[in-house]
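Hi,

Here is the structure I promised to pass on.

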Amino acid sequence: MSITRAGCAALDSADPLRGFRAEFVLPENVVYMLGNSLGALPRRTIEAVSHTVTAEWGRDLGQSWNTAGWWDLPEVIGDRIGNLIGAGPGTVLTGESTSVSIFKVMSAAVRLRPGRRTVVVESEGFPTDRYAVQGLAAGFDLNVRDFGPDDSLADVLDDDVAVVLLSHVDYRTGALRDLAADTASVQAAGALAIWDLCHSAGALPVEVGAADFAVGCTYKYLNGGPGAPAYLYCAPAHLAEAEPVLRGWHGHAAPFAFEADYRPADGVRRFAAGTPPILSMSALGASLDLWEKVDIRAVRAKSVALTELFIALTEPLGLDLATPRDPAGRGSQISFRHEHGYPIMRALLDHGVHGDFRAPDIMRFGFTPLYLRYVDVYDAADTLAEIIGKGIWRDERYQRRVTVT
């Protein structure tokens with residue numbers, strides 16, 4: 001049976017998540033398939049940030065650290081994110097960037113495995129993960145061992161490995177790893193597992209409780225906005241002993257005693273360092289208000305349906321699918337390899353379909369079920385077919401590289 005736009009519209013009418021689209025600011029005549037890079041703006045965020053600026057900062061000034069609860073936001077927001085990723089209370093902290101968070105948990109994890117001098121990181125993982133690991137290794141005389149996409153964990157694990165850093169969903173291909181099974185393999189070798197949840201939290205159910213540590217960003221599927229703070233998770237078993245190398249006043253056991261020497265706070269608060277970005281925390285909190293109304297299982301079911309639809313619609317184009325064909329093995333994105341991927345994606349943007357390009361040849365489309373419709377997927381596939389079929393991408397203007405791809 002052929003797929004029609006009318007059939008897709010019928011699916012939208014029956015969609016249990018259809019009401020959430022109205023919660024977001026979405027431009028007319030745009031199919032936004034970039035939510036796995038920057039999520040759309042929730043309408044409620046505008047009022048929330050305005051209140052923080054005008055009433056809390058503008059009127060109450062510094063008293064808002066107490067009256068508006070600014071001081072406690074890293075843990076309060078952390079617990080709310082914890083509810084989305086299967087973490088218990090008091091195990092998630094928000095406040096700094098993904099890169100800083102990786103450095104914090106990696107340094108703490110390495111110290112929990114004294115005598116082991118090797119850290120394992122994916123050879124094709126997201127660059128910030130690799131850079132943070134390489135910097136830590138250089139500063140503390142550790143060895144970095146690469147883990148390739150075709151390797152098994154057994155190939156890289158031995159009694160010198162202290163920590164393994166893995167992506168739950170591969171940022172290029174969307175391949176989904178088994179968090180619980182891989183963590184068990186790492187732990188069986190005496191090492192600790194750290195997970196990057198940047199491309200999975202808010203897109204599918206996550207049971208982070210199986211991990212030793214995890215990090216994630218909030219500006220993608222969680223719609224926290226550009227520059228939204230990252231979060232980190234520390235398993236309860238490690239909270240009493242884990243201590244990051246990067247220390248700060250906000251992580252001290254008694255910050256307002258202004259002691260000269262560092263004493264770590266109890267619990268996950270010990271991972272705090274710098275002042276939390278209050279305006280960004282306000283934006284993130286507003287988005288989490290929305291997420292607390294969402295059934296993540298329904299999100300995952302729609303994600304699978306949308307990605308299956310896109311694969312079926314684009315199959316006649318003969319594209320090289322880089323994403324696992326089995327929906328159980330992928331996150332909420334579809335990627336194709338194409339030697340002219342960059343100009344094709346630039347042409348798509350000009351025609352109202354927002355995706356992105358990842359070097360050297362990945363055309364990447366993100367599926368955010370709270371606001372992406374079945375008809376949007378139909379229209380995106382139709383536009384892609386037109387751009388490739390008519391050679392629109394060959395226009396000289398689409399060959400010129402912009403800074404952010």
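A word on the ground rules. This is a predicted model, so to speak of local features I needed pLDDT of at least 70, and side-chain atom pairs count only at pLDDT 80 or more, while totals for chains, interfaces and linings use all residues. Residues are numbered from 1 along each chain as its sequence is written, and side-chain values use heavy atoms, with hydrogens and water left out.

**Overall**

The protein has 12 helices and 15 strands; these are DSSP runs numbered from the N terminus, with helices being H or I of at least four residues and strands E of at least two. Its radius of gyration is 22 Å, which agrees with the value near 22 Å for a compact globule of 405 residues (taken over C-alpha atoms, the rule being 2.2 Å times the number of residues to the power 0.38). Along the principal axes, the C-alpha atoms fill a box of roughly 70 × 55 × 40 Å. Of the 405 residues, 54% are buried (under 20% relative accessible area, with exposed being over 50% and partly exposed in between, for a 1.4 Å probe and protein chains only). Looking at contacts (heavy atoms within 4.5 Å) between residues at least 6 apart in sequence, 71% join residues at least 24 apart.

Helix α12 covers residues 374–389, 16 residues in all, and its first and last C-alpha are 22 Å apart, close to the 22 Å expected (1.5 Å times one less than the number of residues). Its buried residues include Val-377, Ala-380, Ala-381, Leu-384 and Ile-387. An α-helix has 3.6 residues a turn, so residues three or four places apart point the same way. The buried residues of α12 pack against α1 (5–14), β2 (31–32), α10 (296–314), α11 (341–350), β13 (353–354) and β15 (362–366). After the helix comes Gly-391, with a positive phi near 70°.

Helix α4 (73–85) has 13 residues and reaches 18 Å, close to the 18 Å expected. Among its buried residues are Leu-73, Ile-77, Arg-80, Ile-81, Leu-84 and Ile-85, and their cover includes β4, β10 (231–234) and α9 (278–291). Just after α4, Gly-86 takes a positive phi of about 80°.

**Pockets**

I searched for pockets and cavities on a 1 Å grid over the protein atoms alone: a cavity is a set of points where a 1.4 Å probe fits but cannot get out, a pocket is an open set with protein on both sides within 12 Å along at least five of seven lines, and lining residues have an atom within 4 Å of a point. Grid points are joined across faces, edges and corners, and a volume is the space filled by probe spheres set on the points.

The largest pocket has a volume of about 620 Å³. It is lined by 34 residues, and Ser-37, Asp-356, Arg-358, Arg-364 and Val-404 are the closest to its centre. Helix α11 gives the most to this lining, with 4 residues; α6 (127–140) and β14 (356–358) each supply at least two. By class the lining divides into 17 nonpolar, 10 polar and 7 charged residues (Ala, Val, Leu, Ile, Met, Phe, Trp, Tyr, Cys and Pro count as nonpolar, Asp, Glu, Lys and Arg as charged, and the others, Gly among them, as polar).

The second largest pocket holds about 240 Å³. Closest to its centre, out of 17 lining residues, are Glu-122, Pro-149, Asp-170, Ala-175 and Arg-177. Its lining has 5 nonpolar, 6 polar and 6 charged residues.

**Cavities**

The whole structure has 3 cavities of 30 Å³ or more. The largest cavity has a volume of about 100 Å³, and of its 15 lining residues Leu-93, Thr-94, Gly-95, Glu-96 and Ala-272 lie nearest its centre. Both β4 (92–94) and α5 (98–111) supply at least two residues of that lining.

Ser-101 lies in α5 and counts as buried because its relative accessibility is 3%. Leaving out residues up to four places away in sequence, Ser-101 touches Glu-96, Val-215, Ala-230, Tyr-231 and Leu-232.

The second largest cavity, at about 60 Å³, has a lining with 7 nonpolar, no polar and 2 charged residues. Asp-376 of α12 is one of the residues lining this second cavity.

Cheers
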